[in-house]
Amino acid sequence: MKKFKKIIPVMMAAVLAFVSVPFTTLADSSKVVTLGANLTEEQKKSMYDYFGTSADKVDTIEVTNADERKYMEGIASEAQIGTRTYSCSYVEPTGSGGIQVKVANLTFVTSSMIASTLLTSGVENCNVVAGSPIEVSGTGALTGIMMAYEKASGEELSEDQKATATEELVTTGELAESIGQQEAADLMNEVKQEVIEDGLKDDDEIEGAVNDAADSQNVSLNDDQKAKIVSLMKSISEYDYDVKALKNTLENLEGKSEGFFSNLWNSIKSFFTGGDSDGGIINNTNDSILGDNAVIDSTIDALKSKDSGDGESFWDKIVNFFKNLFGGDDEGDASDNSDKSNTSDDVDVPDSSDSPQDNGDEAPVDGADKLQEDGTGSGTDTQDSQDGQGTQGNEGQQDGTSE
C-alpha cells in the first residue's frame, strides 16, 4: 500500500507536465469519409451512422472501381479486381500516436494489414475505420483510405509507394490463405522492420530476413512465396521512412513492450490534452449498425489483448512505467520508508529524494470489394449471393457492372 501511495505524487507531477506540453496536431487536416460507388443510398447512410458522423460534418469522396484499378492493375488479377466497389472508410490524420485501424465486415484483410500497408504508402500517423455494410474481402479499401488521407491531410503520397502498399496488401492476403491472417501479417511486419532498420537492399540479405522471420513464426514458405516477398521488400527498401515512427507502429501491432509503452504514453498525454492519438474516431463507431454477425477487429483491441508473458498486469506496467521514468526503485522505497516511521499509513508524504525534479471486394482478394460468396471463392460479383442482405437495399444492383 505504501508503494502505491508513494507513486501517486510522482504520477501527479507527470500529469501536470503532460498538461503543460502542447499536443501536436495537423492544423489544416480534416476528417474524410469514402463511400463505395456501388452502395445504395440506404447503405451509404448506414455507413455514416456506423462511423458516428454525418455527411454535413465531413468531406466525402465516392470511390469507384476505376479508382481501384489505378493501383491494382498489374498487381492483382481481374478476378481479384472485380467490377464493383463497396468498401468505405473514415480517416482522421493525427500528429502522433502512429497508425490505428479498425475494420468491419472485411473478411480478407485485417486491421494490422491495413495499418502496415499504410506505413508503406508513406503515412505515419492517423486513425482509420474501414468497413462495409455487407461482407466483402476489403482489399480495395486501401485505395479509398489513401485517397481520404491525402484529402484530409493535404499531403500528397508518392504514387510509387501507394502502388507498393497495394502490392503488399495483395501479397500479404494471398500468403494469409496458406499460413493464416495473423501469421502472414506478423511475418511481413517482421521482415519489413528488419529491411528498413538494417537498410537491407541485397536480394540474398532480404531472403535471409524472410527465412529468419519464417523460422521465428514457425511457418513454411514455398519458393514462389519467398520470391514474392523478396521482390516486394526490395521495392520497399528503395524508399526513405521515419524508422522510429515505423518501428513504433509495427511494435504496437505485434504487442511488443516498446510499442506498448509508446502507445500508453500517447494515450495518457491525449487524455490530459484532448489529443486524438488514442484512437479518436475509432472510439465513436456504432457496431450495432452492422448487426451481430459483423466481422470486426482493430489494432487497439489487438494491442490491449496482448500479454507480455512476464505476469505483469496492465496496472503494473503503468506503475513501473512511471517509476522507471522518474528513477524510482525498490531500494529507494525501502530507505525512504525507514525514515518515515512516524508517518501514518494513510498519508505518505514524499521527502526531497522523491521529487520528480531529481530525476511514444470479393473473396479471396477484393481489390474491387467483391462480395463474399458462400463456400465458392469465385471471382464473380453476385449481390444475390448474400443471404439475408436484401434489407440493405441491393435489389437494383446488377452483377458484373460498374457505375
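1. A residue is called exposed here when its relative accessible area is over 50%, and buried when that area is under 20%. The model is predicted. Asn218 has a relative accessibility of 72%, so Asn218 counts as exposed. Its place is the loop between α9 (203–217) and α10 (223–236). The backbone deserves a look as well. Asn218 is not a glycine, yet its phi is positive, about 60 degrees. Most residues other than glycine have a negative phi.

2. The setting is a strand, β4 (residues 99–106). Is Asn105 buried or exposed? Its relative accessibility is 4%, so Asn105 counts as buried.

3. Ala104 also sits in strand β4. At 0% relative accessibility it counts as buried, because the cut-off is under 20%. Which residues touch Ala104, once neighbours within four places in sequence are set aside? The contacts are Tyr50, Ala130, Gly131, Ser132, Leu290, Val295 and Ile296. Leu290 is 186 residues away along the chain from Ala104, and their C-alpha atoms are separated by 8.2 Å.

4. Tyr50, one of the contacts of Ala104, is among the buried residues of helix α2 (residues 41–51). The buried residues of this helix are Gln43, Lys44, Ser46, Met47, Tyr48, Tyr50 and Phe51. What covers them? The cover includes strands β1 (32–36), β2 (59–63), β3 (88–93), β4 and β5 (126–136). Gly52 follows α2, with a positive phi near 80 degrees.

5. Next, a helix pair. Helix α5 (residues 111–121) packs on helix α6 (residues 141–153) at an angle of about 50 degrees, and the axes are 11 Å apart. That angle makes α5 oblique to α6. The crossing is right-handed. From α5 come Ile114, Thr117, Leu118 and Ser121; from α6 come Leu142, Ile145 and Met146. By class, the residues of this contact are five nonpolar, two polar and no charged.

6. Now a second pair. Helix α7 (residues 159–179) and helix α8 (residues 181–197) pack with their axes 7 Å apart, at an angle of about 135 degrees.

7. The contact of α7 with α8 can be listed by helix. On α7 the residues are Glu168, Thr171, Thr172, Leu175, Ala176 and Ile179. On α8 they are Gln181, Glu183, Ala184, Ala185, Leu187, Met188 and Lys192. How many are nonpolar, polar and charged? The division is seven nonpolar, three polar and three charged. The contact of α5 with α6, by comparison, has no charged residues.

8. Last, the overall figures. The protein has 15 helices and six strands. Of its 403 residues, 52% count as buried. The accessible surface comes to about 17900 Å², and carbon and sulfur atoms account for 47% of that surface.

Technical notes: Residues numbered from 1 in each chain as written. Predicted model: local features only at pLDDT ≥ 70, side-chain atom pairs only at ≥ 80, totals over all residues. Heavy atoms only, no water. Helix = DSSP H or I, 4+ residues; strand = E, 2+ residues; numbered from the N terminus. Buried < 20%, exposed > 50% of the residue type's maximum accessible area, 1.4 Å probe, protein only. Areas by Shrake-Rupley, 256 points an atom, 1.4 Å probe, with all protein chains shown as cover. Axes fitted to C-alpha atoms, helices over the stretch in contact; angles between N-to-C directions. Contact = heavy atoms within 4.5 Å. Nonpolar A, V, L, I, M, F, W, Y, C, P; charged D, E, K, R; others polar. Parallel < 35°, antiparallel > 145°, perpendicular 65-115°, else oblique. Left-handed = near helix turned anticlockwise from the far one by under 90°.
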